[in-house]
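Please look over the sequence and the structure shown here before reading on.

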Amino acid sequence: MRTEEHTFSDFYLKFTQLYTRTQVEEQEEERIPEKVIRCVWNDQLIKSEELKTTDGRPLEVIFPGYWNFGSGPDFKSAAIRVDGTLLEGDVELHVYGCDWKAHGHSNNNEYDNVILHVFMWKSRGLKPVAETPADSTKNLSRPHIHELELKQYLKQGILQLNEQLDFDSYPLLNQFNTGLCHRPLAHLTQEKFAALLKSAGDARIQTKMDRFHDRIITGGYEQTFYEGVAEAMGYPSNKQPFRTLAETVTLEGIKQLVPAKASCETKTRLIQAVLFGVSGLIDFTDLPKGTSAKDRTYFSDLQRNWNRHRKKFNDRLMDRKEWKFGKMRPANFPYRRVAALSHLVVRHWESGLFADTLECLKSTLPTALEKGYNAVTRNKVLHFFCLEADDYWAWHYTPDGKKLAKKQQLVGPDRSREITINIVLPIGLIYARASKSAPLEKALGLLFQTKTRTTDNQWIRFMSHYILGDKERLLKELDSDRKTQGLMQVYQDYCTRNQNNCLQCQFPGVVERYFK
């Protein structure tokens, strides 16, 4: 199987859709995915000091165990103390306690080492079933296995946890496991493995194109591109809040609010005031005593400008609770990303952000089409969104934070590169095909496949181990955004869809059938 080097192949997309259609869903979809229970257990988001087994014995979790990606119990090698007695073994998790029997675990010797069965609810059904004293202590798994019903021990409601958990960070890297797909992948020739990654990378871009296509028809290129850039500013934890913000404070709305002849600084402050106000992040009242007069003036200006325009958005205000600050570098906090979005809008005020991005791409076409992208032309595109600004957020992470020792970019090279790959490529391809610009489409293909360093993030580190087994021969193929995005698409299509349960995964069969 071969794909043309400079075009975007739909080969991977076709067989993935085929496998998805032919997969039989035998179980009713859960309101809460079992993976939520896994994440809760992995991070111990429970009131651990109050735990008791279903038969009333004190329970202490010493170690929750290692997340298991293969067959058998969900967590291996856990350690618990029940009624003062130390126990070591495995932990099995379910949404409902009765799933132990439904899944046939009692007759499966892989579960012989289970010491604890954890579930959210004892049984299915909307109405509580009246229990006798004997029923309340009845074991749902095996007599020697202790059981824990989580619902009363959660630190937050289960629906809140489902919304707040950052699934992109799960599962955590476990050095003892590799997926079942690793073996067939390791047996592929270098050429066929590269072909698989390229096809999957193309599929990822086409999937993103599908997501943007209808939005372009209804909202136009500039508004859709602005929304996409906003989403990328919040990736991954605040992606949805940023999209909501950009859909609420539209480019057209900004143009109506901001005087066309105002200075860049005035425009930026006005836009920031509205974005911070609508987002719910504008509460800057508790500034520390050491805040300079200049900074106090900046925050008072924001509040004053927001007070002037608030009525226009009163029915669409967001809640500060929608934004996440945990498990991220302070440089990626929403404050700085909101500020960066305002600067980008002002920087491209005259022609538009998408129009200027297209001009940047077109300026590289002659060289790229003749010789391919070199370091200079590639960085011109990839660093297009890099942003330096001399304002408060270049020197601070939060409204009440200490001033940084050194000014920082509001958008750095890594974030700019992510915007280019995730937003510019798919929307640029839609534009290229709609305008029948074969040179632009070819240049975008060349940009996507140009060799570059591998992106370093949690996903890539996890997949490099779990799918590729840290094998140097396979890892060295991750030499372009096209291939790296391909690996991410494989994870999304198969690992995520199957909740990291290798036994349910079709991908090893896909490798054998289509690529061997």
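## The protein as a whole

When contacts in the protein between residues at least 6 apart in sequence are considered, 74% of them join residues at least 24 apart. The model is a predicted one, and its secondary structure comes to 21 helices and 6 strands. Of the 516 residues in the protein, 52% are buried.

## Helices H7 and H12

Two packed helices are described by the angle between their axes and the distance between the axes. For helix H7, which covers residues 190-233, and helix H12, which covers residues 334-347, the axes come within 10 Å and cross at roughly 150 degrees. Angles over 145 degrees count as roughly antiparallel, and H7 and H12 are therefore roughly antiparallel to each other. The crossing in which H7 passes H12 is right-handed.

On the side of H7, the residues that take part in the contact are Tyr 226, Val 229, Ala 230 and Met 233, and these meet Arg 337, Ala 340, Leu 341, Leu 344 and Val 345 in H12. Sorted by class, the residues of this contact between H7 and H12 are 8 nonpolar, no polar and 1 charged.

## Helices H18 and H20

A second pair is formed by helix H18 (residues 458-466) and helix H20 (residues 481-496), which pack at an angle of about 75 degrees with their axes 10 Å apart. Since angles from 65 to 115 degrees count as roughly perpendicular, H18 and H20 are therefore roughly perpendicular to each other. H18 contributes Trp 459, Ile 460, Phe 462 and Met 463 to the contact, while H20 contributes Thr 484, Leu 487, Met 488 and Tyr 491.

## His 396 in its loop

Is His 396 buried or exposed? This residue lies in the loop between helix H15 (375-382) and helix H16 (413-434), and at a relative accessibility of 6% His 396 counts as buried, because the cut-off for buried is under 20%.

A polar atom of the side chain of His 396 lies 2.9 Å from the backbone oxygen of Tyr 392. If neighbours within four places in sequence are left aside, His 396 is in contact with Asp 295, Arg 336, Gly 401, Lys 402, Lys 403 and Leu 404.

## Asn 379 and Pro 413

Asn 379 belongs to helix H15, and with a relative accessibility of 35% Asn 379 counts as partly exposed. Although Asn 379 and Pro 413 are 34 residues apart in sequence, the distance between them in space is 8.9 Å, taken from C-alpha to C-alpha.

## Two residues with positive phi

Ser 77 has a phi near 60 degrees, which is a positive value in a residue other than glycine. The place of Ser 77 is in strand E3, which spans residues 75-82, and with a relative accessible area of 46% Ser 77 is partly exposed.

Asp 470 also has a positive phi in a residue other than glycine, with a value near 55 degrees. Asp 470 is found in the loop between H18 and helix H19 (472-475), and its relative accessible area of 44% makes Asp 470 partly exposed.

Conventions
Residues are numbered from 1 along each chain as its sequence is written. This is a predicted model: local features need pLDDT of at least 70, side-chain atom pairs count only at pLDDT 80 or more; totals for chains, interfaces and linings use all residues. Side-chain values use heavy atoms; hydrogens and water are left out. Axes are lines fitted to C-alpha atoms, for helices over the stretch in contact, and angles run from 0 to 180 degrees between N-to-C directions. Helices (H or I, at least four residues) and strands (E, at least two) are DSSP runs, numbered from the N terminus. Angles under 35 degrees count as roughly parallel, over 145 as roughly antiparallel, 65 to 115 as roughly perpendicular and the rest as oblique. A crossing is left-handed if the near helix is turned anticlockwise from the far one by less than a right angle, and right-handed if clockwise. Contact means heavy atoms within 4.5 Å. Ala, Val, Leu, Ile, Met, Phe, Trp, Tyr, Cys and Pro count as nonpolar, Asp, Glu, Lys and Arg as charged, and the others, Gly among them, as polar. Buried means under 20% relative accessible area, exposed over 50%, partly exposed in between (1.4 Å probe, protein chains only). A polar contact is a pair of N or O atoms within 3.5 Å; within protein, one must be able to donate a hydrogen and the other to accept it, and residues adjacent in sequence count only if both atoms are side-chain atoms.
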